[in-house]
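This report looks at a ligand site.

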Amino acid sequence: MASIFSRIVHGEIPAAKIYEDDLTLAFLDINPASHGHALVICKQELAGLLDLPPELVAAVAQTTQRVARAINTVLQPEGMNIVQNNGAAAGQTVFHYHVHIIPRWGGDDVLLPWRPGQLSASERDALQAQLRAALA
Ligand code: AMP
């Protein structure tokens, strides 16, 4: 079954669309974390970052910057979070690749689930070596 975002792409359900090109679409989030919360999706139905070819990652990133600039001009937030969830464990609920643009104002009540942790020197060195080898 098509994702809810594919249904928006094909005009089967409504959305407050704000930008569209051949590869990407941006619209307002239906349950915004803050005023101006927008989503940027790739039109092709692919679940997460690891599923996209690099050119689609680039296309979504370019649209994200374009929409963020417009939000910045129109709403003049004090900051913006760019959030992209992959997998249910990471909070993804719609399995169709999308980037959140969340305008921020000091003292707003937006919650992002993050508590700074600890990394020992030995863990850091082992992880660094593993990842460098995987990326070589
Ligand atoms: P995520 O948890 O990263 O998968 O985010 C999914 C987002 O899609 C949530 O912020 C929802 O509020 C939003 N959303 C779900 N359905 C719609 C819809 N029909 N129109 C606009 N936004 C939606």
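## The shell

Helix H1 gives the largest share of the shell around the ligand, three residues. Helices here are DSSP runs of H or I with at least four residues, strands are runs of E with at least two, and both are numbered from the N terminus. This is a predicted model, where local features need pLDDT of at least 70, side-chain atom pairs count only at pLDDT 80 or more, and totals for chains, interfaces and linings use all residues. Residues are numbered from 1 along each chain as its sequence is written, and side-chain values use heavy atoms, without hydrogens and water.

The shell holds eight nonpolar residues, seven polar and one charged. Asp, Glu, Lys and Arg count as charged; Ala, Val, Leu, Ile, Met, Phe, Trp, Tyr, Cys and Pro as nonpolar; the others, Gly among them, as polar.

## Atoms facing the ligand

For Thr 93, a backbone N or O atom lies 2.7 Å from an oxygen atom of the ligand. For Gly 91, a backbone N or O atom lies 2.8 Å from a ligand oxygen atom. Asn 85 uses a polar side-chain atom, 2.9 Å from an oxygen atom of the ligand.

## A histidine pair

His 37 lies in the loop between S2 and strand S3 (38-42). Its side chain joins that of His 100 in a polar contact of 2.9 Å. Such a contact is a pair of N or O atoms within 3.5 Å; within protein, one must be able to donate a hydrogen and the other to accept it, and residues adjacent in sequence count only if both atoms are side-chain atoms.
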